[in-house]
Each structure stands twice: as structure tokens, then as C-alpha cells.
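This report describes the architecture of a single protein chain.

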Amino acid sequence: MNYFQKSLRYFSISSKALAKKKNAGVIKTKYLGRPSNNLTSGVVGLANVGKSTFFQAMTKTSLGTAANYPFATIDPVESLVIVESPKLNHLGQLYESQKNIPTILNILDIAGLTRNAASGEGLGNKFLSDIRQVDGIFQVVRGFRDDDIIHIEDNKVDPIRDMNIVTEELILKDLEFIETGIEKVGKLMKRPHIDKAQVQLEIDTLNRIQDLLYESRKISTGQWTDKEIDIINTYNFLTAKPTVYLLNVNEKDYVAQQNEFKQDVEQWIEDNCPNDILLMFSASYETKINECKTPEELNKFVALNNNKTSAKSDIVDKMRSCLNLISFYTCGPKEARQWSIREGSTMPEAAGLIHTDLQKTFISAQVYKFDDLVNLSPPFNEASLKNSGKQFKCGKNYIVQDGDVVIIKAGNAKAR
């Protein structure tokens, strides 16, 4: 077989393999929420349920104000959490990179909510304004009994009541947005040269949302068309944001992965918002993990607690999943870097994350699949992967997949 035949055979194999990977997602999926890759999560819940303690444990900082009284947090506090990635660690070793740069998740600690917040009680108006800034919600729910820590609702621990209060307040605020929106959009019908079909679609969509909210259902539980999602996203509704419920339990329950409230909470989520996620964690346990000064001290602590490790990585991963975030990687001798991008994004959009000029002048990209690299040892052998048909050339319509390792080629720019 001559060189031309070998090249043609390689091109045929690569093209067919890549076509199979591309067919799944040429049509981009619409998601509720901002069309951005730089998404933020907010920590919310009733006052004094452990939100700030959770925030400090997640961010490994003393930011936020953890205290045994309501409204210790007033202004939202922002911090960045590193996304742990075994894939990045492997790629850094394979490419023999000088450093690894993980992606991050932005988290805000928001003031505690109270009953009747939508009417302005407590810090209600501030809370509901702050929560509009975030894209995903970590809702901390108290699932532990402790007479020394007061509860704002008659000092009685009841997760179902707490979740109902928060959900009802978010729904009431969204109903206010709906009423204002219907009134505003209705006036547009009287204007000349207006796209009445589009205006009517917006009115119909708002009415559908209103009916759903009157049934005490969150917007995120509805089935929406792409056009309806475009309309919903212009309003930044509170109940359209995905939620990860965090049942804050004592250390003993976390280690045993059992809790007296867990089953009822699971059923409540199944009945009210089945798309949302529940995780059990212990803010106090996470705090003690962070207090370990050395790896040896950490290993000893974990060993004494049935080898139960931190819930932090799982919590971050679940939120990223709710936000439809995936990772792609750029690797070389200087650095191996992880990037966050919305699922369904094209390769030029990925290039734009690296540098805006790369998106404008994008030509093509080389892609390696992580599954093809996972069992390899350093040094990285490009020729071997290319000869075995595991180096793929991608164009502008290629949809980035989780774990892709990419090399961008652009006009008047170096490959990155």
C-alpha cells in the first residue's frame, strides 16, 4: 500500500468515526437560563440552617458569616471553587505539562430567606434580588437536631416545611414578574408594524407559566419548546433555575449515609420538582476535613469515619450537571487546562472561550477523545494516535463532547 492509499484509508476511517460522534448533536439544545459558559451558583435557604458554614467549607475560606442567629449574612459573598478533575490530572501527566489549570465554579452565599419574603419581610426583597444574579441554586435544608442552634420557624426542625416555604416565596415572586410581563406585552399588540404572532406567543407562554405557578409548580418542571425557552430566558425567573438540594445532617448521619428526614425529602422532590437533585452532606464534617493540616492527618480522620470522604466534589459535579456544563481540555508541555462549556456548544464557541480571536478566525480543530487517552502513559505520542485513527479533524459544526482534548487552528493565529 503506497503513501497516498494509506493517507486515504486514514482519512476514511477518521471521517466515519467522527461522523458517528457528530450526528448526536448538530442541532443545538436550548436550555433554561443564560446562554453563557461563565455560570454562577447561589447558596440559599431559610435563615440559620447552615448556609454560611457550608459556603466556608466549600470555598475553604472564612468568607461569609456563620453564626447562631438569623440574618448573619446580609450582602452576598462570592468565591471560586476549584472543580476537581481526575481527567485533568491524567492529561497533565500524559503531556508532561509543567502545571495543571482546573476550571472553577462561582458560588455566592446569599442572605437567609424567611416566610413572606415576597412581601418584603426579613431581608426578603434583598434575597430575591440577589438570587436573580445566579444561574443555579444550592438550597441548604436543615436535617439535624441541635437544641443549641435555633431554627427561625418555631425552633422546630422540619425540612418539608422549610422547602415549601422557600419554593412558595420564589413562586410568589415569579407571579409578580408574570403579571408585570403580561401587562407590558399586552400593550405591544396595539403598536403598528409589530410581529403580532411573536407577541401572541409571548402572551400565551406567560399565561402557561402563570397556570403552572398557580399549581405551585416551578417553571423548571414544565415542558417548553425552543421558542418558549427563548421567551422565558428574557425574564430570568427564579423558579426556572435548576436546584441541588443539600440536606445538612450531623456528622454521624453523613458517615452512615442515613437520616430520619431523607426519605420524606426525596419524596417531596419527586412530587414537586423531579428534575432537581438531592445530596446529603454535613457542614460540620466538611469543616473538620478542612481543618486537617496534612494529608496524613486527613487520611487518619477519614479512616476513623468509615472512610467517608468529602462531599465537595460530588456537590460541584452535580451542580455542573444541572447547569449542563461539560469540560474540554487543551494540553501541552507548558500547561494542561480544563475549560467549562455548555453542553451542545460548537467547536468555534469552544475556541472563543480560549480567546475571542480564535472564534473569529476559526478554521478547524484536532480532537482526541479522552477514552482513547485514558490508558496511555507518557510521553504523549501524537504519531501513534494519528496512525491508529484516533486523531480527528473537526469543522465548525462539530459539537464539543465532554472530555475532548482539542487543538484549535485559526487564521492569522497560532494553534492552541
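## Central sheet

Strands β1 (residues 40-44) and β4 (residues 104-109) run parallel and are joined by 4 bridges. Within this pairing, Thr 40 stands opposite Asn 106 of β4. Strands are DSSP runs of E of at least two residues, and helices are runs of H or I of at least four, both numbered from the N terminus; two strands count as paired if DSSP finds at least two bridges between them.

Both strands belong to an open sheet of 6 strands, in the order β2-β4-β1-β5-β6-β7 and with mixed pairing. The edges are formed by β2 (77-82) and β7 (277-281); each has a single partner strand, so one side of each lacks a neighbour in the sheet. On average, neighbouring strands of this sheet are turned by 25° against each other, direction ignored.

## Basis of the model

The model is predicted; local features require pLDDT of at least 70 and side-chain atom pairs pLDDT 80 or more, whereas totals for chains, interfaces and linings use all residues. Residues are numbered from 1 along each chain as its sequence is written, and side-chain values use heavy atoms, with hydrogens and water left out.

The chain contains 16 helices and 12 strands. Of its 416 residues, 48% count as buried, where buried means under 20% relative accessible area, exposed over 50% and partly exposed in between (1.4 Å probe, protein chains only). Among contacts between residues at least 6 apart in sequence, 72% join residues at least 24 apart; contact means heavy atoms within 4.5 Å.

## Helices α6 and α7

The axes of α6 (residues 196-214) and α7 (residues 226-233) come within 10 Å and cross at roughly 80°. Axes are lines fitted to C-alpha atoms, for helices over the stretch in contact, with angles from 0 to 180 degrees between N-to-C directions. The two helices are therefore roughly perpendicular to each other, a class that covers 65 to 115 degrees.

On the α6 side, Gln 198, Leu 201, Glu 202, Thr 205, Arg 208 and Ile 209 meet Lys 227, Glu 228, Ile 231 and Ile 232 of α7. By class, this contact has 4 nonpolar, 2 polar and 4 charged residues.

## Nonpolar cores

A nonpolar core is a set of buried Ala, Val, Leu, Ile, Met, Phe, Trp, Tyr and Cys residues joined through side-chain atoms within 4.5 Å. The largest has 78 residues, of which Phe 54, Ile 131, Phe 138, Ile 209, Phe 237, Leu 246 and Ile 315 touch the most other members. Helix α5 (residues 159-188) supplies the largest share of this core, 9 residues. Apart from it lies another core of 18 residues, including Ile 326, Trp 339, Cys 394 and Val 406.

Which residues are in contact with Phe 138, leaving aside its neighbours within four places in sequence? They are Ser 41, Gly 42, Val 43, Val 44, Phe 54, Leu 105, Ile 107, Val 244, Leu 246, Ile 315 and Met 319.

## Backbone features in loops

A cis peptide bond joins Pro 378 and Pro 379, with omega about 5°. Pro 379 is found in the loop between α15 (370-373) and α16 (382-387).

Ser 216, a residue other than glycine, has a positive phi near 65°. Ser 216 is located in the loop between α6 and α7 and is partly exposed, at 44% relative accessibility. Asn 324, also a residue other than glycine, has a positive phi near 60°. Asn 324 lies in the loop between α12 (312-322) and β8 (325-331) and is buried, with a relative accessible area of 19%.

Conventions. Parallel < 35°, antiparallel > 145°, perpendicular 65-115°, else oblique. Nonpolar A, V, L, I, M, F, W, Y, C, P; charged D, E, K, R; others polar.
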